[in-house]
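Student: I would like to learn how to read a model feature by feature. Where do we begin?
Tutor: With the structure itself on screen.

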Amino acid sequence: MDPKEPLLAMLLDFFYWGLGHWYAGCRKLGAVLMLAQAAWLGLLYLWIRIDPAVFLSLFLNFYPPRKSHVLFLSVLRLVLPVVVAIHAYLCAERFNQEHRLQRIIPFGPRTVFIVGMLVCYLFLNANLGLF
């Protein structure tokens with residue numbers, strides 16, 4: 001049994017919810033989060049395809065849409081992936097502790113790479129208007 005890399009689990013969950021949990025051994029939660037991400041992407045597709053005001057009135061009973069509703073959804077989109085990724089990190093740590101496994105990869109260069117990937121992810125989402 002190989003040790004799980006917590007930072008890799010965290011990075012996987014930033015790109016698609018549930019992948020990091022699946023990798024870290026939390027399979028049921030990973031599957032639920034993958035379905036939630038698919039639902040979120042479906043709603044995002046509807047948001048783009050139809051008028052946001054109509055979308056909010058149809059699916060969320062927000063009519064007329066207020067700035068506070070859009071702000072809430074934006075904050076949710078920003079905060080939820082961070083919380084999910086931190087939980088994936090903790091799942092991988094717990095997996096390693098329960099199975100008494102130690103990571104072999106040195107910490108320094110890998111951390112710089114993963115932090116760089118997260119910054120790119122946040123930069124791309126901000127520029128694409130997904131936040």
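Student: Over the face of which residue does lysine 4 lie, at 5.3 Å from the ring centre?
Tutor: Over the face of phenylalanine 95. Keep in mind that this is a predicted model. To call a charge over a ring, check the distance to the ring centre, within 6 Å, and the angle to the ring normal, within 35 degrees. Lysine 4 also has its charged end over the ring of tyrosine 23, 5.2 Å from that ring's centre.

Student: Which side chain reaches the backbone oxygen of lysine 4?
Tutor: That of asparagine 96, at 2.6 Å. Asparagine 96 belongs to helix α5, residues 67-98.

Student: Is asparagine 96 buried or exposed?
Tutor: Go by relative accessible area; buried means under 20%. Asparagine 96 has 6%, so it is buried. Leaving out residues up to four places away in sequence, its contacts are Pro3, Lys4, Pro6, Leu101 and Arg103.

Student: Where is proline 3?
Tutor: In the segment before α1. Its relative accessibility is 25%, so proline 3 counts as partly exposed. Beyond its neighbours within four places, proline 3 contacts Tyr23, Asn96, Leu101, Gln102 and Arg103. Now compare sequence with space. Proline 3 and glutamine 102 are 99 residues apart along the chain, yet their C-alpha atoms are separated by 6.1 Å.

Student: What share of the contacts in the protein with a separation of 6 or more comes from residues 24 or more positions apart?
Tutor: Such residues account for 59% of them. Histidine 87 and glycine 20 are 67 residues apart in sequence, with 9.1 Å between their C-alpha atoms. Histidine 87 sits in helix α5. It touches His21 and Leu29, again not counting residues up to four places away. At 31% relative accessibility, histidine 87 is partly exposed.

Student: Let us turn to the fold. How many helices and strands are there?
Tutor: The protein has 6 helices and 0 strands. Read from the N terminus, the order is α-α-α-α-α-α.

Student: Which residues make up the largest nonpolar core?
Tutor: Start with the general idea. In soluble globular proteins, nonpolar side chains tend to be buried together. Here the largest nonpolar core has 8 residues: Leu7, Met10, Leu11, Phe14, Ala85, Ile114, Leu118 and Tyr121. Two elements, α1 (6-15) and α6 (108-128), each give two or more residues to this core. The most come from α1, with 4 residues. For detail, take isoleucine 114. It touches Leu7, Leu8 and Leu11, not counting residues up to four places away in sequence. There is also a second, separate core of 6 residues, including Ala9, Ala24, Cys26 and Ala92.

Student: How many of the 10 residues of α1 are buried?
Tutor: 7 of them, so α1 is mostly covered. An α-helix has 3.6 residues a turn, so residues three or four places apart point the same way. The buried residues of α1 are Pro6, Leu7, Ala9, Met10, Leu11, Asp13 and Phe14. For the protein as a whole, 27% of the 131 residues count as buried.

Student: How many aromatic pairs are there?
Tutor: The count is 1 aromatic pair. Look at the ring centres, then at the angle between planes. Tryptophan 17 and tryptophan 40 have ring centres 6.4 Å apart and planes at 40°, so the pair is tilted. The pair links distant parts of the chain, 23 residues apart: tryptophan 17 is in the loop between α1 and α2, and tryptophan 40 is in helix α3, residues 27-49. Tryptophan 17 is buried at 5% relative accessible area. Tryptophan 40 is partly exposed at 22%.

Student: What is the phi of arginine 100?
Tutor: First, the background. Most residues other than glycine have a negative phi. Arginine 100 has a positive value, near 50°. Its place is the loop between α5 and α6. At 77% relative accessibility, arginine 100 counts as exposed.

Student: Which element has the lowest mean pLDDT, and which the highest?
Tutor: Helix α4 (residues 52-59) has the lowest, at 65, and helix α2 (residues 19-24) the highest, at 94. The protein averages 79, and 74% of its residues score at least 70.

Definitions and conventions. Residues are numbered from 1 along each chain as its sequence is written. This is a predicted model: local features need pLDDT of at least 70, side-chain atom pairs count only at pLDDT 80 or more; totals for chains, interfaces and linings use all residues. Side-chain values use heavy atoms; hydrogens and water are left out. pLDDT is the predictor's confidence in each residue, from 0 to 100. A nonpolar core is a set of buried Ala, Val, Leu, Ile, Met, Phe, Trp, Tyr and Cys residues joined through side-chain atoms within 4.5 Å. Buried means under 20% relative accessible area, exposed over 50%, partly exposed in between (1.4 Å probe, protein chains only). Contact means heavy atoms within 4.5 Å. A polar contact is a pair of N or O atoms within 3.5 Å; within protein, one must be able to donate a hydrogen and the other to accept it, and residues adjacent in sequence count only if both atoms are side-chain atoms. Rings of Phe, Tyr and Trp (its six-membered ring) pair if their centres lie within 6.5 Å; planes under 30 degrees apart count as stacked, over 60 as edge-to-face and the rest as tilted.
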